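Hi,

Here is the structure I said I would pass on. Have a look at it first, and then read my notes below.

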Amino acid sequence: AEGSPNAKPGTTPNANFKESSCIGWAMENVGAAYAAAGKTARWNEILGIVAAKGSKGTDLAKELQKDGWQAVYWNPDAKKPDDGNAEHSFSASQVAKGKPYYGINIDATVQNYRPTAGGGTQQDLSGIDKLSKVPFFFGLAKGGMHTFVGRNGNVNEFHWNHMPDSKGAIEERPLKDWGWNSGVIMVPPGTWPTN
């Protein structure tokens, strides 16, 4: 620590800090949920499968789905993404046809909650309202390029480029205001509102 560019005179580094990534941090939180449910053996099995496949969020989502987790496709504007990337409207059209998202079968959607200005999409907050009632979820954005966890409609994400003690290392914000434009949220069994 001493001599490192982030060393501060008169301070002692916390020995509990450990290196992480968005997928590593998300998996720690999902693993804690499995431990709380008394399913540590299954979690260890999932860890092995996901690690063997390269630790991708899509592979974790597929394993969670095997355990009854529901997949919820999200997209703030399914027709006109504010970043102009056609991937988002294409994935929305695939989901609308009943096709999977990167191999993940979709059970529900949260869409059009933040329409792009001038795009003509009508705002629909019904999915956001349902998500606000979900106590915990795992999610991935843009085909698994980014992963996160969340609760009650808020995304909690880990920024790997921050120091562990940085106030910006873990950030929480409402999904409805979050900058990513499409992906899947995995909801534990029985927690997605049915009405």
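How many residues does helix α2 have, and how far does it reach from its first C-alpha to its last? Bear in mind that this is a predicted model. Helix α2 covers residues 40-52, which makes 13 residues, and its reach is 18 Å, close to the 18 Å expected at 1.5 Å a residue.

Now for the sides of that helix. Arg42, Trp43, Ile46 and Val50 are the buried residues of α2. Looking down the axis of α2, you will find them within an arc of 100 degrees, so they line one face of the helix. Among what covers the buried residues of α2 are α1 (22-36) and α3 (57-66). On the face turned away from the buried side, α2 carries the exposed residues Ala41 and Ala52. After α2 comes Gly54, with a positive phi near 100 degrees.

The other piece I looked at is strand β7 (residues 183-187). Five of its five residues are buried, so β7 is largely enclosed by the rest of the structure. Gly183, Ile185 and Val187 point one way from β7, while Val184 and Met186 point the other way.

What does β7 pair with? Strand β1 (residues 70-75) pairs with β7 in the antiparallel sense over five bridges, and Trp74 has Gly183 of β7 as its bridge partner. Strand β3 (residues 137-141) also pairs with β7 in the antiparallel sense, over four bridges; here Phe138 has Met186 of β7 as its bridge partner.

Cheers

Terms used: Residues are numbered from 1 along each chain as its sequence is written. This is a predicted model: local features need pLDDT of at least 70, side-chain atom pairs count only at pLDDT 80 or more; totals for chains, interfaces and linings use all residues. Side-chain values use heavy atoms; hydrogens and water are left out. Helices (H or I, at least four residues) and strands (E, at least two) are DSSP runs, numbered from the N terminus. The expected span of a helix is 1.5 Å times one less than its number of residues. Buried means under 20% relative accessible area, exposed over 50%, partly exposed in between (1.4 Å probe, protein chains only). The arc is that of the directions from the helix axis to the C-beta atoms. Contact means heavy atoms within 4.5 Å. Two strands pair if DSSP finds at least two bridges between them.
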